[in-house]
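Q: I'm new to this one and would like a close look at a single part. Could you walk me through it?
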Amino acid sequence: MSKLNNEKELEERYLDNTLKFVKDSIKTLEIEFDEKLNKFRAAGKEMWENSAHFSNDSDKMADINVQLFAVETANRNFYLGQKELKKYKKSISSPYFGRFDFIEDSYEEKEKIYIGRFNIMDNKTNEIYVYDWRSPVASMFYRHEIGGATYKSPVGNINGEIMIKRQYKIEKSKLKYYFDSSTGINDEILQQVLGNNSSNKMKNIVETIQKEQDIIIRDIENELLIVQGTAGSGKTSIALHRIAFLLYAYLGKKLESNNIVIISPNSIFSNYISDVLPELGEENVREITYDEIIKKTFGNRFKIQTRNEVLENIINEKNFDKRKTKTDNITFKGSMDFVTILDRFIKYYEHNLINFKDISYDGTIVETRQELKNEFLNNKINMPICRRLKRMENRILYKIQPMRKGRVSKLEQIVRQYPWHEFDAKAFSRLLSIKKFKSTLRDIRSFTIVDYFEMYKILFCKKELFYRLSYGIKLPQNIEEVLSETYSRIKNGYVEFEDCAPILYIKLIIGGNEAYEEIRQVVIDEAQDYYPIQYKIFSMLFKNARYTVLGDYNQIVEKEKNNNIYNEIIHILNKNKWTKLSLKKSYRSSYEINLFSRKLLESSDGIEPFIRHEEEPLIFHKNNFNDINNEIVSALKKCYEDGFESVGIICKTEEQKNEAYKNLSKLIKVNGLSENDREVKKGTVIVSTYMAKGLEFDAVIIYDVSNKNYSSKLDRRLLYIACTRALHRLIICYTGEKSHLI
């Protein structure tokens, strides 16, 4: 038998042994699962039947606590058993994807280390069939070539030599093929994975993690990790794998899925990424959008403009000056300069605009106006305004309480002098006392209750005050218009997008925040879309957290490209240990599409395309939109004949998308995608440029790339976003004159 055949037989035998162990483990776990389920039910039943439901008896309460602990333990064991069972069932189809042989320094024995999605280990013999891709030793598979290698173990750095690196294709429990590679994750595997069709859900990338991606995933040193990644570099996927790694690395150290939050760009994107963590054996973490944070905080108090609504308005605005005025307004209200104005205003309000009053009750001065103000300003423990005032209110009411009893007695003596109150003197006296107390309470609450929205309104209605507070700060040229229009809108209960963050900022400063105290890790995706004031808000909402911030300044929409945005984030989040990394290699699009997309950038920033050759982008012209729509139908049919499963028709705006959807849906089945949708449907999807961010399709058709529709710097950025959504094929159509941008 040749060496090659012998090696293949050994690999097939190892796979058979691994699968046998997995299947045996599943049988054992299923039996244990039933036992744990019965114990859990029995523990709950025993607590219900044998414990007093209502009792002050300390012995019985102690018994309840013991049984409650037993129920919680049974529940925990039940959950862990269920998780282990799921993990083994997911391993059946493909238990591992890689292997390397490692000889540790000072040892002669070679260890074969197989890498898979999950750890597969015999707890009786301690034999490890497969190492979890997140384990310390597995890092060598992603970071080292054949030769000298090292990894960081719990006891320190372990050095040695890698003798073999091997990659496998295992499907439905069968070894399709394997090959040895000398560098990184072999391009052959990458070519195959990246050449596959896209899905309506993001997939895990554990088989193809690159060295630079692994460094980001495994970083535990830094409190703030910033990643500038080009379109298609895998930023979001890396972030999700990083979450899975952190949950693994901090197992038993009080980091669980409920301690992590992802700030997603929109609800569609949240659904799009929802399968990745479960595929990696972890629970999904909380995902929330900035708009949802705003809505949750303000409720239905006033009508709020969303980010997508403001983008639609800006993109549709044909008048350059009006568009610039709007974007300048948004930029100003989102800046740290405006935060400075808000801080000054809050300080001014604290010292000058709270109308303290002398509080008297039953002819006695309880507190003087000056005493109350002095107490309020003597804030040695740095308590928020609202909490200080509430504490003051409670203290005043505590002093008034015994005085109320004395007043009732006095009133009763007076009332009894009137014969018509002979039989209800006590009740009538109590009623008079309550009326007086309500009047006093109104006086107290006239200065102890502060409304954050009314505060913001004052800032814009008192123009002279605004200018005093903005001393030394460069204001927009149209500041008079900004002040007048802002006051007019908020007076009528309408809050535009750019005012949401300042209002929330005031609310958090004066009222404090405890809503997200359990959050220890925050992932912010599409980092370039947020303004400095929003990062300030994130730092206040998630004050106990570490951050992973991912963005691409080439995909900024309404703002000018700013290479320094990450320096602002570093300053605002203010973490002791931080690092900034770049991902320049783009894996999503074919080489031809990548090259085409890069020409849209003012600077390519060293973007490296992955070498996967496919068709050149196709650009076609038609005389009218009827012909355009018919040509799109033909292009769609060709895409599906060629084996593609998803096609994105990307329109510049929601308005254009709705019009195109109305016309195309008469000719072919097409799914519209908008802000209120929760998922990306399979097949043909029509979507606006800014809603397409983060998504990918086998083929992309960009609608109406005429010079009339795409001509400005903003349009160039939108066009770049649209082009970089395509994996295999890019089709551009237009009527009239072709956009000079392409």
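Which residues of H10 are buried?

A: Quick ground rules come before the tour. This is a predicted model, where local features need pLDDT of at least 70 and side-chain atom pairs count only at pLDDT 80 or more, while totals for chains, interfaces and linings use all residues. Residues are numbered from 1 along each chain as its sequence is written, and side-chain values use heavy atoms, with hydrogens and water left out.

Now to your helix. The buried residues in H10 are Arg307, Asn308, Val310, Leu311, Glu312, Ile314 and Ile315. Here, buried means under 20% relative accessible area, with a 1.4 Å probe and protein chains only. Helix names like this one come from DSSP runs (H or I, at least four residues), strands are E runs of at least two, and both are numbered from the N terminus. H10 covers residues 307-316, and seven of its ten residues are buried, so this helix is largely enclosed by the rest of the structure.

What does the enclosing? The buried residues of H10 pack against H9 (290-298), H11 (320-333), H19, H24 (654-664) and H25 (713-723). Contact means heavy atoms within 4.5 Å.

One of those neighbours, H19, leads on to another helix. H19 (residues 497-511) and H16 (residues 452-461) have axes that come within 9 Å and cross at roughly 120 degrees. That makes H16 oblique to H19. Axes are lines fitted to C-alpha atoms, for helices over the stretch in contact, and angles run from 0 to 180 degrees between N-to-C directions. Under 35 degrees counts as roughly parallel, over 145 as roughly antiparallel, 65 to 115 as roughly perpendicular, and the rest as oblique.

As for who touches whom, Tyr452, Phe453, Met455 and Tyr456 of H16 meet Asp499, Pro502, Ile503, Ile506, Lys507 and Ile510 of H19. By class, this contact of H16 with H19 has eight nonpolar, no polar and two charged residues. Nonpolar covers Ala, Val, Leu, Ile, Met, Phe, Trp, Tyr, Cys and Pro; charged covers Asp, Glu, Lys and Arg; the others, Gly among them, are polar.

Let's zoom out to finish. The chain's secondary structure comes to 25 helices and 25 strands. Of its 742 residues, 51% count as buried. Among contacts between residues at least 6 apart in sequence, 73% join residues at least 24 apart.

Methods: Buried means under 20% relative accessible area, exposed over 50%, partly exposed in between (1.4 Å probe, protein chains only).
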